[in-house]
Amino acid sequence: QVQLVESGGGLVQAGGSLGLSCAASGSSFSVNDMGWYRLPPGKQRELVATIRSSGDTNYADSVKGRFTISRDNAKNTVSLEMNSLKPEDTAVYYCAARPNWSSLYIYWGQGTQVTVSS
């Protein structure tokens, strides 16, 4: 079992920056990919960015060039730096992890609210 705890988030004006962090504990040695997803109000959950244990990254088109995902394997943490934020980035952001024995992201954090005001 892996526990994920997010921190960061909050309220920011459009054009501003925020950082999110997620710490994994428990059987974190089994984690392969980690990532961030978000749930905008009234919409479905969507991928934001993922990062493999190798460091390879993947971003949603909507955040490319503005968001940066990074990972510290020694500390079992993953971070998301968000720049040039837009009102449409407003959402609950979730940290997620995929263990090496699964093809799915099955571990999820509790979520943290990011609100971007116009």
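This is a predicted model: local features need pLDDT of at least 70, side-chain atom pairs count only at pLDDT 80 or more; totals for chains, interfaces and linings use all residues.
User: Where do I start with a sheet? What is the order of the strands in the open sheet of four strands?

Analyst: Start with the general idea. Strands of a sheet pair through backbone hydrogen bonds, either parallel or antiparallel. Here the order is S1-S3-S8-S7, and the pairing is antiparallel. Strand S1 (2–8) and strand S7 (67–72) are the edge strands, as each pairs on one side only. On average, neighbouring strands of this sheet are turned by 15° against each other, direction ignored.

User: How many bridges join S3 to strand S8?

Analyst: Six bridges join S3 to strand S8 (residues 77–82). For one place to look, find Ser21: it stands opposite Ser79 in S8.

User: Next, disulfides. Which residue does a disulfide join to Cys22?

Analyst: Look for two cysteine sulfur atoms within 2.5 Å. In this model Cys22 is joined to Cys95, with S to S at 2.1 Å. The count comes to one disulfide. Cys22 lies in strand S3 (residues 18–26) and Cys95 in strand S9, so the pair ties together parts that are 73 residues apart in sequence. The torsion about the S-S bond is about -80°, so the disulfide is left-handed.

User: Is Cys22 buried or exposed?

Analyst: Buried means under 20% relative accessible area. Cys22 has 0%, so Cys22 is buried. Cys95 is also buried, at 0%.

User: And the surface? Which residues make the nonpolar surface patch of about 340 Å²?

Analyst: Trp101, Leu104 and Ile106 make that patch. Take Leu104. Leu104 sits in the loop between strand S9 (91–99) and strand S10 (107–108). Exposed means over 50%. Leu104 counts as exposed because its relative accessibility is 55%.

Definitions and conventions: Residues are numbered from 1 along each chain as its sequence is written. Side-chain values use heavy atoms; hydrogens and water are left out. Patches are made of residues with over 30% relative accessible area and no salt bridge: like charges are joined within 9 Å, nonpolar side chains (Val, Leu, Ile, Met, Phe, Trp, Tyr) within 5 Å. Accessible areas come from the Shrake-Rupley method with a 1.4 Å probe; for residues, only the protein chains shown count as cover. A salt bridge is a side-chain nitrogen of Lys or Arg within 4 Å of a carboxyl oxygen of Asp or Glu. Helices (H or I, at least four residues) and strands (E, at least two) are DSSP runs, numbered from the N terminus. Buried means under 20% relative accessible area, exposed over 50%, partly exposed in between (1.4 Å probe, protein chains only). Two strands pair if DSSP finds at least two bridges between them. Axes are lines fitted to C-alpha atoms, for helices over the stretch in contact, and angles run from 0 to 180 degrees between N-to-C directions.
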